[in-house]
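Please view the sequence and structure below before reading on.

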Amino acid sequence: MAVVFKKMPKLYLLIIFCGVLFAKEPVKYGHLKGNVTDAKTGLPIAWVDIYIKELNRSASTLEDGRFKFIDIPPGSYTIDFLRVGYSEIHKHVKIATLDTSLLQIIMAQNSFDTEAIVVEDHREHSHLQKPEAELSGKDMRSRMATTLAETIKDMPGLAEQNNGPAPARPVLRGLSGDRLLLLENGQRTGDLSTTSADHAVTIEPITAERIEIIRGPLTLMYGTNTLSGVINVLRNSDKSMENNQIRGEFSGGYESVNHGYASALNLEIPVNNFFFYADGSYRSASNIHSPGGSLKNTNLKTINGKTELRWQPDWGTLKAETAIYTSDYGIPPAPSELGHPNGVDIKLRKHTYSTAAAIKQPARFINDITFSYDLTDYFHEEFASSGFRDAAFSLISQHLSANTSFSNFEIFQNIRSGFWSGMRQFEAGGLTNTVNSDETSLAGWVYFENDFGNLKTSSAARIENKTITPREEKTDLRVGRIRERSFTDYAAAIKAQYGLSKDFFFSTTLIRAFRAPGIEELFADGPHLPSYAYEVGNADLKPERTYGIESGIFFEQHDLDFGLTAYYNRIDGYLFSQNTGERSWKRNDLFRYQMVGLDAVIRGIEFSGNYNLTKRLKLSSGLSYLIGNLKETMVYSDPENHDNSDFKPYKIKTNESLPFMPPLKATVDLTYDINNLSLTYLAHIAGRQYKPGRFEKSTAAYIVHGFNVEYFIAGTSLLHTITLRIENLTNETYRRHLNRIKEIFPEPGRNIKFFYKLYF
Amino acid sequence: MKNLLINSIILLTLASFLTNCSDSSVDSHSDHADAVGLRIVSSGVTIVSYIRDSAVDGVIEAQAGESSGHMDVEFYDDENDSWFIPEEDHFTLLIEIGDTTIADYWQHEGEEGGFEFHILGKKAGNTQAVFTIIHDDHPDFVSKEIPLIVSDGSSI
């Protein structure tokens, strides 16, 4: 294994070298399109004159505000937007080879005495590659919270699973952990957040620019175990080097419920073909308050930063990045007399180093090829309140990938393929007896699209091998025979969209996913106080295989859009840590959680829609509901017999609910826009979870109200945005089913949040 | 700017190597007491025992107003299939009595924390005792609840 480790960087350099050798520079044009709307009314503006200075080309918007330029040579351009009665806009864009850049322009009328603002520009995806959901701009600012999971929890299909405010993880369609891949700028996070509910996700939301949720075939670019999808947090994505202009953002926020504050600063410094980016953030919060009082040991402190240096010559891009993330946070006391009555303190730190090289047109049939390598050093320690270190975990992970985009061929479009390899070195110490292990992964994938007129399809397949090698082989009565395990399988998906009319289409996705067990799932053995459990792995686990189908109808018009989706996932050998209801042999004060693979089914529906009731009043709503059932379960003891020394656990057929499944969720937002001011009433509704999992309790339905106000001030070079948000306006006492400490502590009470962001 | 780029890449590469040499230690698996069962021995006779999932066999008995005889606590190691008493240099015994108005425990002077004890019956009734091996400052083993019965002296 060590040989593979040493060879990876050399292999990477070799690939880059070969790529550079084959690099050529034939000119391939890009395109630019977009739309222009009125800042006051939100309506499209027709007959806006658009002028590209460098090319001396011009166009006008159509009646619906749209415009388009085709065949623009790659490069940076200044584009002027002019119309009588409106302030002029000068926008710098970068056109990339064979790419379509999308501009969304909002123009303000002169009488407002403000310069117009440019909301956003980004590379356009093909419709099939478009994220299922996206959070950015105003929505992102108003939902900004302490963690990534809390920030996105109100999006359709999403929920938040937490064990105190800091270690929160998103749940998508009832699935989390290793089934929901979290990425930052397309790269894995390299933390241990998938292995236990008390391990934090090492992504700081305040430095995020945009959050995308990807589902379907596109997810296979990132892994075989992405059944519920991929959440990709874009931190400083595809920043263009416009006119050597220094840009940046400053953010600052405060929330009353935990006296928490956070601030962040980022700077983008382009100099000719070079681009330097740096950001940093600091977050601190005290214990959180609910209507019932304060929850001790829920404070947190997080420092996060990143630098990037990029060289962008005509033939491609070379970049190097380094990032740091440190966090000290508390886990609140156990819900009952389990393990730690005063809570656990966790200290974690993560360093990431990465490089990437992208080469345009290395061959006639290749659009571009990208190589990337990253190394993450992650370490965290868990301290009981006595100051004793209960556990420590170290994970060094490395990933090497090569992704290629090919020219269209016959009926195949947007063809991409890639190679990916990963290595993880895992060590555990303290009270846990989990055997230190190494994990290597190798994968290859292909993605392409077909366009048959009204019918469009995207398809992908990925084959992956994962080998886990313990550094010590032994037989354990609880875990089994600890030895090397190797898993090879494939995942495949196809998505078809059929346009019933210009605005109305039908979509179906079929997916076959595969998830190999991880190191801790196989070999864990020991008390894990923050998760209130004595965790026991299963060295004989088989991989999890999933067969899913999803269908939906979608309607998109200017004043009305909605989507309704239904899905059904059959999971053979669903891997999870099951509460046996039995006490640990070693620690009778903790329940034994046994890793098992049991057949399960998850099915559900989702709805989201937006309707412009008037020019200024917009109604947005979302609804999601799912049911997750085990088809079989384990029996760990004979309740009629006090002596279970000879009892052998066995499987029985069942229809019991999966643990930690979110109940019915609905959101209603009503937004009223007046000039630079936006007022939103928010209602968040959850149904009663009347189908709790084994040893779980039912949670009651609730409705909480909120209010959001955003005001912006736009100048010639500055944009100030101020957001005031009140959550749980009526100070309701309610409990979320996915909160692991809900029995001892309800959700936070009334929370007044203030968030300021300056774009310069 | 090019020099800056080259220097940054060199620094990043160096940092990568340094990362591999980081001094973060998990201090893997120090010698914990690997116990999955317990027995209590009095005058050479096992009065209470259990292993893993088996039921607790036996009870601790005492009389109200009197001290019991000397009792030793031993633990079962399933890897070596043997009973052992942890070394007192690093391990101590913690005894928690459910209702200390019924009974309490005591140890000879100088033997506090050792793996032997006496029960002092206070009044007639039933309660339970939990035995914990403390390894330095954390529990390595927490026993099941062991029944403890204190009888009225006059009824015996």
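The model is predicted, so local features need pLDDT of at least 70 and side-chain atom pairs count only at pLDDT 80 or more, while totals for chains, interfaces and linings use all residues. Residues are numbered from 1 along each chain as its sequence is written, chains are lettered from A and ligands numbered from 1 in the order in which they are written, and side-chain values use heavy atoms, with hydrogens and water left out.

- A:Ile553 belongs to strand E35, residues 544-556 of chain A; strands are DSSP runs of at least two residues, numbered from the N terminus.
- The relative accessible area of A:Ile553 is 30%, so this residue is partly exposed (buried means under 20%, exposed over 50%, partly exposed in between, with a 1.4 Å probe and protein chains only).
- Beyond its neighbours within four places in sequence, A:Ile553 is in contact (heavy atoms within 4.5 Å) with residues including A:Phe504, A:Phe562 and A:Leu564.
- The C-alpha atoms of A:Ile553 and A:Gly499 are separated by 9.9 Å, and the two residues are 54 residues apart along the chain.

**Strand E16**
- A:Ser251 lies in strand E16, residues 247-255 of chain A.
- A:Ser251 is buried because its relative accessible area is 3%.
- Leaving aside neighbours within four places in sequence, the contacts of A:Ser251 include A:Ile206, A:Ala262 and A:Tyr756.

**Strand E17**
- A:Leu265 is found in strand E17, residues 260-271 of chain A.
- With a relative accessible area of 41%, A:Leu265 is partly exposed.

Notes:
Helix = DSSP H or I, 4+ residues; strand = E, 2+ residues; numbered from the N terminus.
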